[in-house]
Amino acid sequence: MTAKRSERLLDSLTYIALTVCALIFLLPILWIVRTSFTTKAIAYQIPPKWFITPTLDNYRDIFTDNPFGKYFMNSMVVSLVSTVIAVFLGAMAAYWIARRVKGGNFLRIAILGTQMLPPIVMVIPIFMMIKKLNLLDSWVALIATYLSFSLPYMIWLLMGFFEAIPKDLDEACEIDGCTKMQAFTKVVLPLAAPGIMAAGILSFLMAWNEFLFALVLTGTGARTLPVAIANMETQQGVMIAQLCAATVIIILPVVVLSLFIQKYLVNGMTMGSVK
Amino acid sequence: MLSVKRKQFLIFIVPSLLVLAVTVLYPLVYSFIMSFTSSSLKVRGFGDFVGLDNYIKAFKDAYFIKSGWTTGLFTVIVVTLEFVFGLSVALMLNRIKRGKKLFFTIIIVPMLITPVAVGLIWRLLLHPDLGIVNYLLGVVGLEGQAWLGDAKLAMMTVVLIDIWHQVPFMILLLLAGLVSLPGEPYEAATIDGASRLQTFWNVTLPLMKETIIVAVLFRVITAIKTYDLIYVLTKGGPGTTTEVISYHIYKQAYTFLNTGYSSAMSYLLLLVIMLLSVVFVRLGRGKAQAR
C-alpha cells in the first residue's frame, strides 16, 4: 500500500520536473517568436507588454531592407546540393565498405577520425585553397567545403544501415545475373531507404546550421543565413524585432522538418553515435 | 589480379575517395606544412620554413596557454553538468508512460537550432536593459546583471547557454541507451530486494557504461571545438575571459593574419582531441574487461 503511494508520489514529481524542463527549453523560443510579431516600439518596451496585436511588418522588412531572400536561397541551395551529393556518393561508398571487410577497416577508422577534426583546423587551408582558385564567395566553394564533413558523416551512418541488411539478398540478385550496381539500386537501396532519409536530413541540418566556413568563405554574394543574422546585429545596432523575425526564419524549417521525421531523426543520431 | 567484377565494384568507392582527398586530406596536409612556415596572409605563398618555431612559440604564448585552460575548464564544467542533468531527464523520461512523446518533442528542439541563433536568442533575453530576464528578476526583487558583460559572470553565462543548447543531445543518447537495456537484471534486483538507489548504482550504471562513455566522448569533442556560440555571445570577452581555443586561433588567422602560427596551434588542438579519444576508447575497453 505504502509502496504504491510512494510510487504515485514519485510519478507526480517526475511530471512536475519534466514540465519545468520543457518550459525552460520552450519559453525562450516562444518569447522570440512573440517579439518577432511585435512592432519595433513594443519590442523595446520594458516592462514588456504581454498582449500584443501581431504584425508581420518585421518579416516584410527583413526581406525588403535586407537581401534576406537571397541569403535564404543561398542557404537552401548550398545545404540541399551538398546533401544530395553526399547521399549519392556516401551511399555507394558505404555499401562498398559494408560489403568488403578486407581493406575496409582502415577506411572505417579514417572516416570516424574525420568526425573529430575541429573545423578551425580545416578552415585556414580551405580558405587559402579557395582563394587561390578564385572561388571565394561562391556556392561551389561552400558546397565542396561542406562535403568535407557531410560525406564522411554520411558514409559512417549508412555503413551501419547497410551492414544490417543481409548479404544474401544482394548476392542472390547477382546470381540471377544482375550487376553490382543493379543489386545495389534494386535490392539494397529500397531496404535502406528510411536510414538514407534520416542520414540525409541530418546532413541537411549540419549544412543549414554551419557557421565558421560560411563566415570565412563568403562575402555578400553567397552569404548563408547564420552569417547573415550574426551580421545583422553588428550592422544595425540592436534591431530587436527584426532580429527575432530573422531568427524565427532560420529555425522554422529545422523544427518543422524535425516534427515530420522525428522517428528517423532519433534513429540516425543514435546509430551514428552509439555504434 | 583484379577480377572484372571487383574492378566494377571500385566505381562505388573511388568518387568518394577523390572528393575526400581534395576536401579533407589536401587541406590537412597543406595546413601541416604551413605550420612549419612563417606563412601569413600578408605575403604570397608559404613563407619561409621555420622548423618547429611556431610550435615553440605556442608553448611560450601566454594567451594561447590561457585559451587552452579556458577551453578545458569550459569543457569539464559543461560536460559534467550536461551529463548529470541529461541522465536525470533521461531517467525521468524513461519512467513515465503518458506524454513521453510530447515531452521528448519539446526537449530536443534546442539541439536543432544553429548555435548562432541560440546565441542571439540568449543575447536578447539577457540584454541588461532591454532583456526579459533582468526584468523578471526585478519583479521578484532580485538585481539584474550584465550577464555577458561582467568578467565574473560571462563564463558562467556561456556555460548555462551551452547547456541549454546541448543537453538535449545528451538526453537523446542516454535515453536511447536506457530504452534498450534488458529487463532481466532488474527483475533479479527486485527479487533480491534491492532499493531504488542500489538498483541504479549496481544495475543501471554498469549496463549503461558504454553508452555513457560514447555520449561523454562525443560531447567532450564537440565542447572543445566550440566556436560559433562564443563568436555570437562574447567574441571571447570581456577581456579574454571566454576566449576558447578555436576562437583564439581564428583571431590569430583572420585578425593578425598569422596563418603559419595558427596552423601550428590548430594541430596542437587536433593532437589533444586525438589523445582524448584514445583515452576514452581505452577506458571503454578496460571497463568492459573488468566486468
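Of the 275 residues in chain A, 44% count as buried. The model is predicted. Chain A holds 13 helices and zero strands. Its sequence pattern is accordingly written α-α-α-α-α-α-α-α-α-α-α-α-α. Along the principal axes, the C-alpha atoms of chain A fill a box of roughly 75 × 75 × 30 Å. Contacts in chain A were also sorted by sequence separation. Among those between residues at least 6 apart, 78% join residues at least 24 apart.

Two packed helices are described by the angle between their axes and the distance between the axes. One pair lies inside chain A. Helix α7 (residues 139–163) of chain A and helix α9 (residues 180–209) of chain A have axes that come within 9 Å. These axes cross at roughly 150°. The angle is over 145 degrees, so α7(A) is roughly antiparallel to α9(A). The crossing of α7(A) past α9(A) is right-handed. On the α7(A) side, the contact involves Tyr146(A), Phe149(A), Ser150(A), Tyr153(A), Met154(A), Leu157(A), Leu158(A), Phe161(A) and Phe162(A). These residues meet Val188(A), Ala192(A), Gly195(A), Ile196(A), Ala199(A), Ser203(A), Met206(A) and Ala207(A) of α9(A). By class, this contact has 14 nonpolar, three polar and no charged residues.

A second pair spans the two chains. Helix α12 (residues 240–260) of chain A and helix α7 (residues 115–125) of chain B have axes that come within 10 Å. The crossing angle is roughly 150°. α12(A) and α7(B) are therefore roughly antiparallel to each other. α12(A) passes α7(B) in a left-handed crossing. From α12(A), the contact draws on Ile240(A), Leu243(A), Thr247(A), Ile250(A) and Ile251(A). From α7(B), Ala117(B), Leu120(B), Ile121(B) and Leu124(B) take part. The contact of α12(A) with α7(B) has eight nonpolar residues, one polar residue and no charged residues.

The interface as a whole was then considered. In total, 61 residues of chain B are in contact with 66 residues of chain A. On the chain B side, helix α2 (residues 14–34) of chain B supplies the largest share, ten residues. The chain B residues that touch chain A divide into 45 nonpolar, 13 polar and three charged.

How values were computed:
Residues are numbered from 1 along each chain as its sequence is written. Chains are lettered from A and ligands numbered from 1 in the order in which they are written. This is a predicted model: local features need pLDDT of at least 70, side-chain atom pairs count only at pLDDT 80 or more; totals for chains, interfaces and linings use all residues. Axes are lines fitted to C-alpha atoms, for helices over the stretch in contact, and angles run from 0 to 180 degrees between N-to-C directions. Helices (H or I, at least four residues) and strands (E, at least two) are DSSP runs, numbered from the N terminus. Angles under 35 degrees count as roughly parallel, over 145 as roughly antiparallel, 65 to 115 as roughly perpendicular and the rest as oblique. A crossing is left-handed if the near helix is turned anticlockwise from the far one by less than a right angle, and right-handed if clockwise. Two residues are in contact if their C-beta atoms, placed from the backbone, lie within 7 Å. Ala, Val, Leu, Ile, Met, Phe, Trp, Tyr, Cys and Pro count as nonpolar, Asp, Glu, Lys and Arg as charged, and the others, Gly among them, as polar. A residue is buried if 20 or more other C-beta atoms lie within 10 Å of its own, exposed if 12 or fewer, and partly exposed in between; C-beta atoms are placed from the backbone.
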